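Here is a short tour of a protein for you to follow along with. Keep the picture open while you read, and try to find each part as it comes up.

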Amino acid sequence: MAGNGDLPITLGFEEEFFLVDPDSRGLLTDPDEGIFAACEANRGPHKIVREFLRSQIETNSRVCSSVAEVRAVLRETRRIVIGAAERHGAMVLAASTHPLARWRDQTPTPRDRYGKLAATFQETLRRAVAGGMHVHAGFADADTRVRVMTAIRRYLPLLHALSTSSPFNAGHETGFKSYRLTLWGGLPRTGMPGPLGSWAEYARLLAEYQRMNFVKDGSELWWDIRPSHAYPTVEMRICDVCTRVEEAVSIVAIYAALIRWLTRQALEGLLPAEPLTELISEDRWMAQRYGVFAFLGDRAPGRGGRTDIYDQTAELVEKLVPDARVLGCEAELRYALTILREGTSADRQLDAYRLHRLEGHTREDALRQVVDLVVAETKEGVEA
């Protein structure tokens, strides 16, 4: 990453999209195989793969060396998928739930791994018609990565709030800005991990899971943040899929700046004491429920209660500016405050739905209008 000096950071991301029927606006339970063939033919250095449901497709970016490069690559991977889908009678929706989709109508991808997951987790998995955005960061040595992963946990609710895009489920308002976390929360080994102080501590925990035949490897630990099984990275998994490119880029910028700042503290032995995991999880729920309108716990010494997420974010942004400048992503970092002022995809979806209902549209028609909004925003900036 440009200007990294002695603290280089590499970045990568994964996005899970829905394939939508242009006529009904529902999910394509049997999408044209040409979509996947075209993505494979044009993917370049990236990976584009099938997901558990046939109506989903996932992009895995190549390694990036800067936030600016992430923006370019994110546009590129979306352009590949959108182009392939449109040539084969589909639209692409970047949100963590589809407003109209009902789980009973979905068809799993016929793969041995997915079949085994379905056999184990049953209706919990079948009901999870949802997708996420995962951000990888490669930096430092394994021990430092684990310590920084632990230190970053307290900021995950804030990052999640900035990404919320799943206010609807099975054709109705859920009351949550991110219902995706509820859908996935019925699976084991999800949610906020406990504090870990070294790679050896993580390896011992994983070994215990394996000894008891709960998991085969680290890829089956579906925490909000984890050491990647496949790469020497820390993988942040808590976020919803961001509908707009610039929102995703801002979250990547915050994550990168946080990692650089916390890595410097770790190397100097100055990482702060860890808050209780239970209290971080309480913030997580607040972010899931209220998004950018959340009031999160105030952990500042001598204070208490809860504070507006905007105030917490503004304070964090100023703290991270020196590291963001080194990483060349100060503007992207500060864009988080724009997201907080203007709302996330979840807020725009709810506003559109309620407006169309006030105008006399049926619930189904209003939800179709929401689908159109999200599809249009998915494409914003992709050709730029």
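The protein exposes about 15,800 Å² of surface, and carbon and sulfur atoms supply 52% of that area. Please keep in mind that this is a predicted model. Let's start with the whole protein and then visit a few places in it.

**The overall picture**

- The protein is built with 13 helices and 13 strands.
- Its C-alpha atoms fill a box of roughly 60 × 45 × 40 Å along the principal axes.
- A compact globule of 384 residues would have a radius of gyration near 21 Å, and the 20 Å of this protein agrees with that.
- Of the 384 residues, 57% count as buried.
- Take the contacts between residues at least 6 apart in sequence: 75% of them join residues at least 24 apart.

**A hairpin of two strands**

- Strand β2 (residues 47-50) pairs with strand β3 (residues 56-60) in the antiparallel sense, over four bridges.
- Together β2 and β3 form a hairpin, with five residues between them.
- If you look across the pair, you will find Ile 48 opposite Thr 59 of β3.

**A mostly covered helix**

- Helix α4 spans residues 142-152, and eight of its eleven residues are buried.
- Among these buried residues of α4 are Val 146, Val 148, Met 149 and Ile 152.
- What covers them? The cover over the buried residues of α4 includes the strands β5 (133-139), β10 (225-227) and β11 (234-236).
- Helices α5 (156-163), α7 (199-211) and α8 (245-267) are also included in that cover.

**A nonpolar patch on the surface**

- Trp 285, Tyr 290 and Phe 293 form a nonpolar patch on the surface, and together they have about 320 Å² of accessible area.
- You can find Trp 285 in helix α9, which runs over residues 277-290.
- Trp 285 counts as partly exposed because its relative accessibility is 39%, a value between the cut-offs of 20% for buried and 50% for exposed.

**A buried histidine**

- His 356 belongs to helix α12 (residues 345-358).
- Is His 356 buried or exposed? His 356 counts as buried, because its relative accessibility is 16% and buried means under 20%.
- Setting aside neighbours within four places in sequence, His 356 is in contact with His 361, Ala 366 and Gln 369.
- Pro 272 is 84 residues from His 356 along the chain, and 48 Å separates their C-alpha atoms.

Conventions
Residues numbered from 1 in each chain as written. Predicted model: local features only at pLDDT ≥ 70, side-chain atom pairs only at ≥ 80, totals over all residues. Heavy atoms only, no water. Patch = residues over 30% accessible without salt bridge, like charges linked within 9 Å, V, L, I, M, F, W, Y side chains within 5 Å. Areas by Shrake-Rupley, 256 points an atom, 1.4 Å probe, with all protein chains shown as cover. Salt bridge = Lys/Arg side-chain N within 4 Å of Asp/Glu carboxyl O. Buried < 20%, exposed > 50% of the residue type's maximum accessible area, 1.4 Å probe, protein only. Rg over C-alpha atoms; globule rule 2.2 N^0.38 Å. Contact = heavy atoms within 4.5 Å. Pairing = 2+ DSSP bridges.
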